[in-house]
Amino acid sequence: MEMEEKNPDPKYGESRKFDPNFKGPIHNRGCTDILCCILFILALLGYFAVGIIAWSQGDPRKVIYPTDSRGQFCGQAGTPLEKKPLLFYFNILKCASPLVLLEFQCPTTQLCVESCPNRHLTLIKAKVGNKDDQEYYKKYCKEGVDFTGLVKILKEGLCPAMLMPSKAFTRRCLPALATLKGGVVVVGNETTFDDGNSGTVNASDVLEASKKSNIAVEARQVAMRIFEDYTHSWHWILLGLVIAMVVSLIFIVLLRFLAGIMVWIMIILVILVIGYGIFHCYMEFASLKGEPGADVTIRDLGLQTDFSVYLQIRQTWLAFMIILAIVEFIIILLLIFLRKRIMIAIALIKEASRAVGHVMSSLFYPLLTFALLAVVIAYWAITAVFLSTSNEQVYKVFNTSVCPFSRETCNPKTFNSSNASLVCPDAECLFAFYGGETLYHKYLILFQFYNVFLFFWCANFVTALGQVTLSGAFASYYWAFKKPEDIPAYPIFSSLGRALRYHTGSLAFGSLILSLVQVIRVLLEYLDHKLKGAQNKFAKFLLSCLKCCFWCLEKCIKFLNRNAYIMIAIYGKNFCTAARDAFFLLMRNIIRVAVLDKVTDFLLFLGKLLIVGIVGIFSFFFFSGRIKAVEQAAPSLNYYWVPILTVVVGSYLIAHGFFSVYAMCVDTLFLCFCEDLERNDGSSERPYFMSPELHDILSKSKPVEEDPDAKMLTDIFDILYEYWIFPPMELVHIQ
């Protein structure tokens with residue numbers, strides 16, 4: 001016997017009435033949320049204006065090239081310093097932290113050089129030495145130096161007092177530090193050396209001045225090794241992503257014809273793939289038993305730049321095995337509890353497969369979404385780089401003795417004739433950092449914030465456009481009484497045209513709400529980063545609560561927006577009305593939402609997990625050289641996990657792109673099904689638009705009043721409705 005879910009409470013709205021003229025997405029529609037459309041266009045124009053200003057003011061060379069004391073770029077093509085790519089510090093001991101080195105704020109003269117010094121030499125020894133020593137030393141002095149006046153050279157800072165063996169790192173010459181057995185620190189195999197001022201310097205002092213850069217040095221080394229791995233394996237990574245795309249496409253095609261069988265195969269294979277992962281981790285864990293150093297804990301090992309070291313200890317494989325076992329247990333537990341609902345979800349997936357089969361162009365629409373998102377991300381990244389490099393050169397007074405003008409802003413062109421030069425004879429006007437005091441520089445942080453906010457707004461708008469386009473196409477399929485005769489010739493293009501022509505404002509409205517929440521989450525993460533060193537536990541607790549609340553709010557808004565866009569695609573109403581109608585429709589069918597729509601999403605997630613697992617396992621065996629047949633073809637890598645992780649992440653994004661079409665199709669068909677049940681009663685005059693098989697399965701759900709689980713879910717949504725999500729809807733009805 002057929003049973004319809006009905007809720008007598010009028011706050012969920014009235015059920016849809018029968019309309020003999022309704023045949024799917026309404027073609028006679030008008031523009032919605034025009035004010036939001038105008039606001040979005042103005043915001044985009046402002047975004048373009050910010051980009052133009054940033055591109056005119058910024059200079060990305062500041063990120064690429066190091067800068068000497070006069071603000072010139074070392075190694076820049078087409079300049080006199082083209083053949084001098086490295087930055088040399090006259091007195092590296094004055095540079096106490098990595099920030100000093102990387103932000104050009106070291107209080108010593110900086111010079112662009114061809115190569116770093118490779119031996120220890122003082123100015124005095126160079127002066128009294130042979131001509132070769134003097135020529136070698138002049139490479140690290142300012143231009144036009146004459147070795148006849150030693151006092152003048154030191155007083156005016158024309159040359160460094162000494163040279164020490166150095167190595168190039170991030171285009172900067174840093175001391176060639178090393179540690180011998182017993183912990184003895186050396187620089188160029190020397191523990192002490194002459195500082196050029198009748199004194200000696202210990203190598204440990206140099207280490208102390210540079211030790212804060214060790215983390216940055218190690219990080220840079222890791223980054224360079226990762227980059228090197230990408231250059232050696234990029235073609236294999238590309239091949240792995242192509243395989244992931246082919247596997248995803250084959251999976252989607254098989255779902256079209258063998259939905260029921262493929263779902264069960266997918267469930268079994270996911271369990272087997274994760275089970276094999278557990279078995280492999282156990283075998284690695286067991287094989288390391290008794291090996292020297294294998295029982296060291298991860299905590300004792302600490303942070304290592306060679307990540308393969310972690311794979312040589314048993315605790316790593318034990319952790320992997322426990323994580324996979326927990327995932328396996330959760331999936332099996334969910335399948336046991338949802339076993340009765342899986343057949344219902346399979347019926348909906350079958351109908352979605354038919355819909356995708358009739359609208360095959362929907363499988364390629366994610367490519368357009370990816371392209372638009374790539375444009376948005378590229379524009380944001382380029383604008384952010386130009387904004388961050390649009391500061392001017394700031395020069396400050398640096399000195400070795402007490403000086404009242406210390407660290408004040410100065411002009412290098414007029415410094416020698418200024419009062420500061422007279423009061424402080426040993427002071428120098430050196431390039432300090434990039435900044436500025438103009439009106440543009442004062443509001444530069446606002447431009448950065450605007451860039452981030454518009455990035456979220458545009459990215460969410462592109463996503464919303466894709467959802468409306470797909471839902472409009474699949475709604476055209478559902479409400480076509482004779483399939484495929486009544487389906488429009490080009491459903492994707494028709495739906496895309498309607499969305500852009502009539503509903504740009506509504507899409508901008510929904511995207512704006514979501515973007516505001518996301519920006520707040522970014523600000524909370526920024527505050528959390530700033531307060532990491534704070535000891536106030538209450539502040540940390542409050543911040544954690546806020547982060548959790550806004551995370552939940554973002555998920556709720558995404559869910560409501562998604563269903564609102566489906567209603568916009570069907571009825572052409574504005575965002576608020578569509579969101580209200582979608583929410584009420586879901587509330588009148590809450591049990592189906594909980595146990596049907598979400599079960600289908602879970603099954604589709606298993607499909608993505610299966611594709612990622614298959615491609616990930618094969619990439620692991622290939623890049624780790626464990627397949628003997630192709631062992632010679634595998635590239636030699638520093639970290640074989642780099643291409644594996646890239647392939648896994650890329651495979652998930654590709655699978656998500658294909659399965660997102662199915663997910664949108666399922667959500668659209670589900671809402672259309674709920675509308676269909678309310679509009680029609682199945683009589684000959686008022687037939688159902690859904691397939692008989694789908695109607696027979698889906699319409700047998702218990703009413704809300706007879707299902708305790710559904711009643712509990714309804715009570716929860718009642719609380720959200722009264723106090724959070726839709727409090728103004730009872731007062732304001734936008735028609």
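**View 1. Helices H1 and H16 are oblique to each other.** Oblique here excludes angles under 35 degrees (roughly parallel), over 145 (roughly antiparallel) and 65 to 115 (roughly perpendicular). This is a predicted model, in which local features need pLDDT of at least 70 and side-chain atom pairs count only at pLDDT 80 or more, while totals for chains, interfaces and linings use all residues. Residues are numbered from 1 along each chain as its sequence is written, and side-chain values use heavy atoms, leaving out hydrogens and water. The axes of H1 (residues 34-57) and H16 (residues 444-478) come within 10 Å and cross at roughly 130 degrees; axes are lines fitted to C-alpha atoms over the stretch in contact, with angles from 0 to 180 degrees between N-to-C directions. Helices are DSSP runs (H or I, at least four residues) numbered from the N terminus.

**View 2. Here is the contact of H1 with H16.** By class, the contact has 13 nonpolar, 2 polar and no charged residues.

**View 3. Several residues of H1 are buried.** Buried means under 20% relative accessible area, with a 1.4 Å probe and protein chains only.

**View 4. Take a look at Thr504, which lies in helix H18 (residues 504-530).** Thr504 counts as buried because its relative accessibility is 16%. Leaving aside residues up to four places away in sequence, Thr504 touches Cys37, Phe461 and Ala499.

Methods:
Helix = DSSP H or I, 4+ residues; strand = E, 2+ residues; numbered from the N terminus. Contact = heavy atoms within 4.5 Å. Nonpolar A, V, L, I, M, F, W, Y, C, P; charged D, E, K, R; others polar. Buried < 20%, exposed > 50% of the residue type's maximum accessible area, 1.4 Å probe, protein only.
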